[in-house]
Amino acid sequence: MGTVRLTVGQAIVRFMAEQYVERDGVQNRFIAGVWGIFGHGNVAGLGQALEELGDECAMPYYRPQNEQAQVHLASAYAKHKNRLQTFACMSSIGPGATNMITGAAQATVNRLPVLLFPSDYFANRLPDPVLQQVEQLLSSLPEAFRVLTDPAATGAVTISLPEDVQSEVYDWPERFFERRVWHVGRPLPEAGPLAEVAALVRAAKKPLIVAGGGAIYAGAEAALDAFATTFGVPVSESQAGKGVLPWNHPMNVGPIGANGGLAANRLARDADLVISIGSRLGDFVTASKTQFQNEDATFVGINVNGFDANKLRAVPLVADAREALTALTAALTAAGHPGTDQAYRERIAALKAEWDARVDFHRTPNGETADLAQPEVIGIVNDAVGGHATVVCAAGSLPGDLLKLWRPEDSKAYHLEYGYSCMGYEIPAGIGIKMAEPGREVVVAIGDGTYLMLNSEIVTAVAEGVKITVVVFDNHGYQCIKDLAWNVGIPQFGNELRFREASTGRLTGGYIPVDFAKHAEAMGAIGVTARTEQEIRDAIAAARTADRMTVIHVHVSPDKRAPGYEGWWDVPPAEVSTSETVKAARARYEQAVALQREELA
Ligand SMILES: Cc1ncc(C[n+]2csc(CCOP(=O)(O)OP(=O)(O)O)c2C)c(N)n1
Ligand SMILES: [Mg+2]
């Protein structure tokens, strides 16, 4: 067997170009390209390799403005591609590498594959044998791809590349660079647990499905529709699962949990069987374990990841969502299961109608506030872009309002990063999604506070000709945290964007005016300020025909967001305080905590 003389950097580029994935008989390249910011740690190594081999290996290089942002972008790309393709991300040594940590955590929490190459300090300190580093690459690089393409184990995979090692040469076995196709598995449910789950469904009077992101990554939309429709089982949605059924599907009862709607939350409260499908069952979904109040309820966890499948003391069905649902439908059909009774189906329809009317109400401008309210702007934007544009968001009060109010008509029309809820994900993610599916309209919904934290990828979008629309909801600061502070008894403190005032010594002065449209223009985007319904509609229409990306600055009322609908989130107020509001908050908290089902561990 021959060898090829290449540097470590060159070998990595050659290797990545030959890694493919296959699912359901369809193959594609796994790494679409490499994002990275150069420094002394990587310019001569991976940088040189990409410059020399990038075209030959069809491995394009992209330049972000921030290392954290590139990881967000890559993970959003992977999410939109149902984890079947991603980018590699590289950085120089030190701050570039540590900047990627937040992105890595976000990708891993959300179970999204990204391949990270932070540069590392010199490896050739004696007596460390340099050759050993190279040998490690022969095993670590394939192992990285095995993990990346495994639906249960996937997340951020990191290979640190010492600066000196990247430029070192080695005679690589030629076979290392042969095409390798990684099969993306669809684990089948085992017969025993499947029969057990089928029996539970047959016995249930009030079953409820909780659909998570895994249902979408598995492409289980049609299988879920068939199961829910055939057996009259309502489907509630998490942030990652929203859109798996169109919002107006008769069995889609909307969002569940802390930010849920009244239909799903009431059904969840009483359900006697809760089937989670591809959900991490985070605290927002379970309302910190208060959402399921039927003491006799049984739980089923359908998940490729055993850790998630077993949550809530569930009967675990460790399997691919599509395969599990298909098998379950077949088993129940064979058993002649008639599904839920007429009374339950009528209750589902009535609750859904009531919830849909609430959503209409919140979305419709009513002139109650000087500036439009956030829910109204969501309605206006959604009506303007339709149900097939992808809305993107991650942090602030917008995720809760979007979960309740946005109306996706397909499973790629709603893209929320709510595993890590990382401020700064939004704009890079918008770019990643648009790159994953250039034909789709992408609208980024972002709070003013989040925009101020990480907006520099606007320059990247302009450079790459990636046309997305960013809607900045300007409510003068971190209003969701102000709400939260209020709920735990603390008056406004440190969350709004205000001047420091001499008389108080605190940030209690007037609002700091920030012109987001001008800011965006300064980075090469089109900037528009829109205050009315018509101005927002016009701005979105203009953005569609514009030659580059648009940022729409919308002033929204600082005080009005969608209300809660019988959900709860565990945020403990101080146990001791001299403040009456804190004491009152603690008393309320202790009442709420009594509803927590700690046995559901
Ligand atoms: C990187 C990061 N830092 C801090 C937080 C905590 N946090 C969540 S939302 C939020 C405020 C967001 O403000 P804005 O984007 O203006 O949205 P609003 O609350 O006004 O809707 C903060 C500080 C976070 N989620 N991510
Ligand atoms: Mg804000």
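## Polar contacts of ligand 1

A polar contact is a pair of N or O atoms within 3.5 Å; within protein, one must be able to donate a hydrogen and the other to accept it, and residues adjacent in sequence count only if both atoms are side-chain atoms. A polar side-chain atom of Asn475 is 2.9 Å from an oxygen atom of ligand 1.

## Basis of the model

This is a predicted model, in which local features need pLDDT of at least 70 and side-chain atom pairs count only at pLDDT 80 or more, while totals for chains, interfaces and linings use all residues. Residues are numbered from 1 along each chain as its sequence is written, chains are lettered from A and ligands numbered from 1 in the order in which they are written, and side-chain values use heavy atoms, with hydrogens and water left out.

## The shell around ligand 1

There are 15 residues around ligand 1 (a heavy atom within 4 Å), and Ser397, Asp448, Gly449, Thr450 and Gly477 come nearest. By class, the shell has five nonpolar, nine polar and one charged residues (Ala, Val, Leu, Ile, Met, Phe, Trp, Tyr, Cys and Pro are nonpolar; Asp, Glu, Lys and Arg are charged; the others, Gly among them, are polar).

Two or more shell residues come from each of α18 (448-453) and α20 (479-487). The most come from α18, which gives four. Helices here are DSSP runs (H or I, at least four residues), numbered from the N terminus.

## Helix packing

Helices α3 (residues 67-80) and α17 (residues 426-436) pack at about 40°, with their axes 7 Å apart (axes are lines fitted to C-alpha atoms over the stretch in contact, and angles run from 0 to 180 degrees between N-to-C directions). α3 is therefore oblique to α17 (under 35 degrees is roughly parallel, over 145 roughly antiparallel, 65 to 115 roughly perpendicular, the rest oblique).

The axes of α3 and α4 (residues 95-109) come within 7 Å and cross at roughly 30°, so these two helices are roughly parallel to each other.
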